[in-house]
Amino acid sequence: MSTKKPFLTKEKAEEIIKEFPTPFHIYDEKGIRENAENVKKAFSWNKGFKEYFAVKATPNPFLISILHEYGCGCDCSSKPELMLSKAIGIVGEDIMFSSNDTPLDEFKYCNDLGGIINLDDITHIEAVEKACGKLPKKMSCRFNPGGVFKISNGIMDNPGDAKYGMTTEQLYEAFRIMKEKGVEEFGIHSFLCSNTVTNEYYPMLAKILFELAVDLRNKLDVKISFINLSGGVGIPYTPDQEPNDILKIGEGVHKVYDEVFGPAGMDDVAIYTEMGRFMMGPYGALVTTAINEKHIHKEYIGVDACAANLMRPAIYGSYHHITVLGKENEEPAYTYDVTGSLCENCDKFAIDRKLPKIDMGDIIYIHDAGAHGYSMGYNYNGKLRSAELLLQEDGTAKLIRRAETPTDYFATFDGFDFYNDLIKE
Ligand SMILES: *Cc1c(COP(=O)(O)O)cnc(C)c1O
């Protein structure tokens, strides 16, 4: 059983809040580094291994630069994400462009950076030709086998219902056409389940993709250079979940690799991953202060963050563990809904949550907000995005993205000038 421990103490949080008021997202440099090192170790048996960090999870150049020190590239899905990658100095084959419903100019932008284009659809072969003049020498296709994806303890996800990737038939057809049009090296990509908290997912996916790779090589005489297992490795959001063991996952993939690629003589295929959540999720927290309490039909605690800072509970009903800093050892004798201030009843970080008694001014630490947290933020109700801080290894906090101001919020109303006076208020 995992115990969910904040990486901040109350004293440390108070010290930081003196300089940077709540709400803010804070990331734990030590945790990020240790995990990145483990990921590297888990796949060190594979010569070409690369983790392409899913930029959408946490698009902060300071954080991605840390991952880059461990050899990570960027998995991008839009032009601004490609631009971010370029700004960090991650270019060429350190970029994987796993987009879908892609505009032509984004294929071109990626190709100009030398990134690897991962085609979501067979019709995109022509789109890339149109955008780039001709197909790049190295390309990838995204595979969707349809149906449901099962592991030993049941159905994990429903690829048959997902908009991504090509059917088996289309994949073979796409490889045939691409080879004819001069593509020399191929990759296969697939993302079949999200947030899997089991060591079985990657090895099972690997088996499917490795066998497919052997068959494609045999039938079409194509060179398969890499298999991209994409994202989907999850984290234990709830305290009862056992965290994934990335070393076991790496070993599991290694075993299947030897079993399938060994006899096929394909032992030079590189393994790629595109993890987002696993790389950053546990190492980020949303820190907020209790500012209102309300006793009506239920007990409510209002905090100074809202769903605009962390949207997962509102849109997916996701559980995010909450610690009231300084009350880690108190009995969870109270039942609260912990809410933000949006005029939306789904704006609740927790519903019927057992917590210690919360007093106004208490610092509320919302766990596992490091991936798909800040990045999903929005400005509904005129809410401004919070700051992002890095808790550095020396214990000091560094501002790695300032909080938005009203000027940012009004910045796109070009030509409408009343706010120049307003924002002075
Ligand atoms: C979202 C996404 C990822 C990252 O997923 P995680 O669950 O955060 O690991 C990787 N690849 C693609 C194509 C994605 O869309």
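In the description that follows, Ala, Val, Leu, Ile, Met, Phe, Trp, Tyr, Cys and Pro count as nonpolar, Asp, Glu, Lys and Arg as charged, and the others, Gly among them, as polar. By these classes, the shell around the ligand in this predicted model holds 3 nonpolar, 6 polar and 5 charged residues. The ligand is surrounded by 14 residues, of which Lys56, Glu274, Gly276, Arg277 and His372 are the closest. The space that the ligand takes is the largest pocket of the model.

An oxygen atom of the ligand, in turn, lies 2.7 Å from a polar side-chain atom of His372. On its own the ligand has 390 Å² of accessible area, and the protein covers 90% of this area.

Ser230 is placed in the loop between strand 10 (223-228) and helix 9 (246-264), and because its relative accessibility is 1%, where buried means under 20%, Ser230 counts as buried.

Thr22 and Pro23 are joined by a cis peptide bond, with omega at about 0 degrees, and Pro23 has its place in the loop between helix 1 (10-19) and strand 1 (24-28). Asp101, although not a glycine, has a positive phi of about 50 degrees, and Asp368, which is not a glycine either, has a positive phi of about 55 degrees. Asp101 lies in the loop between strand 4 (95-97) and helix 5 (104-113), whereas Asp368 is in the loop between strand 17 (363-366) and strand 18 (387-391). With regard to accessibility, Asp101 counts as exposed because its relative value is 69%, while Asp368, at 5%, counts as buried.

Thr9 is located in the segment before helix 1, and the side chain of Thr9 reaches the backbone nitrogen of Lys12 at 3.0 Å. Although Thr9 and Tyr365 are 356 residues apart along the chain, their C-alpha atoms are separated by 9.8 Å. A relative accessibility of 43% means that Thr9 counts as partly exposed. Glu330, found in the loop between strand 14 (322-324) and strand 15 (334-339), also counts as partly exposed, because its relative accessibility is 42%. Between Glu330 and Lys357 there is a distance of 8.4 Å from C-alpha to C-alpha, with 27 residues separating the two positions in sequence.

Technical notes. Residues numbered from 1 in each chain as written. Predicted model: local features only at pLDDT ≥ 70, side-chain atom pairs only at ≥ 80, totals over all residues. Heavy atoms only, no water. Near = heavy atom within 4 Å. Polar contact = N/O pair within 3.5 Å; in protein donor to acceptor, adjacent residues only side chain to side chain. Areas by Shrake-Rupley, 256 points an atom, 1.4 Å probe, with all protein chains shown as cover. 1 Å grid on protein atoms, 1.4 Å probe; cavity = no way out; pocket = protein on both sides within 12 Å on 5 of 7 lines; lining within 4 Å. Sits in = over half its atoms within 2 Å of the grid points. Helix = DSSP H or I, 4+ residues; strand = E, 2+ residues; numbered from the N terminus. Buried < 20%, exposed > 50% of the residue type's maximum accessible area, 1.4 Å probe, protein only.
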